[in-house]
Every structure is written in C-alpha cells, then in structure tokens.
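Grab a pencil and open the viewer.

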Amino acid sequence: MNQKKLAISLLGLTLILLLARAEFAAQLPGAQAQQHNLRRNLVTLRALRMTQVLELTEEQTAVIFPELNRAEKEKAELQRQLAEEIRNLRKMIGAGKYSDEEFESGVRKVRELRQKIQAREQAFEEFLMARLTPLQKARYIIFNLDFNRVIMERARQLGPAGQKIK
C-alpha cells in the first residue's frame, strides 16, 4: 500500500512538472522544443523506473529526487553549451578560414564541457550511492546499464528525425 501511495505521489508530481514545463517548451523553436520535451520525458521515465526497480522508500525519494532534478538541469545546460560549441566547430571546418589556434580553442572548449558533464554525472552517482542500501546499489548498477542500453536500442530503431526504420 505504501508503494502505491509513493507511485501515485510521484506520478502526480511528474504531471505537475510536465504541465509547468509544457508552457516553457511551447515558447522554444520547433526542433529545440522537441529535444527539450524528449529529454524531459526521458528524465521522468528514468526517475519513475529507478524508483520502482530500486524500491526506494519515501524518505529516500524525498532526498534523491531534488538532487536528481538539479543534476539533470545542470547537465542539460552543459549539453546545450556543448551542442553550441560543436555547431561552432562545424561552421569553422566548413568555412576553412580559421587558424590552428582557433581550432584548438574550440576543441578545448568541447573537451572541457564533456568533462564537466561526466563530473556532474559522477557527483550525482556518489550522492546516490551514499543514500542506498547495498542491495539498492547493486540494483542501480544493473538498472543504469539496462536503461541506457534500451534507450540506445530504441533510438537506433527510430533512426534519424524519429522516423521508424523499415
């Protein structure tokens, strides 16, 4: 019964967050809004599945979810910056009129952003591991691998621009 209450509470919280963010996403340009919605939906799905698989208690959920949301927001911002830097590198390569130093600067920025994303992921995982039981830690390792594998498989099945490959 307690698990049902927790699941219903999480679902309600998720719906509230989705509605609040929907208005924000509607203001974004088309492709950017789709990407924002996809990321948000994946984060929500991951949080709900993680709660189920790890059998998190209400107390654990109350501590872990705010940090998970902070981590995801920070990673989303870093990934936005990374995408911008990669676009800049593509433009530079296409134009062909930039110096080696300018290319090095762009590459350095991309590498730094990738390292920051990895560091944020590692910080969240350390935070999480400090709050889980040994059984939950083992479940998390398996969950994390399986969830990422399934998402990558589904992405390959959909192919470019979300079109189903026949």
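This is a predicted model: local features need pLDDT of at least 70, side-chain atom pairs count only at pLDDT 80 or more; totals for chains, interfaces and linings use all residues.

**Exercise 1. Decide whether Arg39, Glu72 and Lys75 are buried, partly exposed or exposed.**

*Solution.* You need the cut-offs here: buried means under 20% relative accessible area, exposed means over 50%, and partly exposed is in between. Now take the residues in turn.
- Arg39 has 25% relative accessibility, so call it partly exposed.
- Glu72 comes in at 13%, so it's buried.
- Lys75 has 12%, so it's buried too.

**Exercise 2. Work out how Glu72 and Lys75 are connected, and what network they belong to.**

*Solution.* First look at the pair: the side chains of Glu72 and Lys75 meet in a salt bridge, at 3.4 Å from N to O. Both residues lie in helix α3, three residues apart, which is about one turn of the helix. Then widen the view: Arg39, Glu72, Lys75 and Glu121 are linked in a network of salt bridges. The whole structure holds 11 salt bridges.

**Exercise 3. Describe the salt bridge between Asp146 and Arg149.**

*Solution.* Check the distance: the closest N and O atoms of Asp146 and Arg149 are 3.7 Å apart. Then check the location: both are in helix α5, three residues apart, or about one turn of the helix. Last, accessibility: Asp146 is partly exposed at 34%, and Arg149 is partly exposed at 41%.

**Exercise 4. Track down a negative patch and a nonpolar patch on the surface.**

*Solution.* For the charged one, go to Asp100, Glu101, Glu102 and Glu104, which gather in a patch of negative charge. Glu101 belongs to helix α4 (residues 100-129) and is exposed, at 58% relative accessible area. For the nonpolar one, look at Ile141, Ile142 and Leu145, which make a surface patch of about 290 Å². Leu145 is in helix α5 (residues 134-158), and at 55% relative accessibility it counts as exposed.

**Exercise 5. Sum up the chain as a whole: how many helices and strands does it have, and what share of its residues is buried?**

*Solution.* Count the elements: there are five helices and zero strands, giving the pattern α-α-α-α-α. Then turn to burial: of the 166 residues, 27% count as buried.

Notes
Residues are numbered from 1 along each chain as its sequence is written. Side-chain values use heavy atoms; hydrogens and water are left out. Patches are made of residues with over 30% relative accessible area and no salt bridge: like charges are joined within 9 Å, nonpolar side chains (Val, Leu, Ile, Met, Phe, Trp, Tyr) within 5 Å. Accessible areas come from the Shrake-Rupley method with a 1.4 Å probe; for residues, only the protein chains shown count as cover. A salt bridge is a side-chain nitrogen of Lys or Arg within 4 Å of a carboxyl oxygen of Asp or Glu. Lys and Arg count as positive and Asp and Glu as negative; His and the chain ends are not counted. The place of a charge is taken as NZ of Lys, CZ of Arg, CG of Asp or CD of Glu. Helices (H or I, at least four residues) and strands (E, at least two) are DSSP runs, numbered from the N terminus. Buried means under 20% relative accessible area, exposed over 50%, partly exposed in between (1.4 Å probe, protein chains only).
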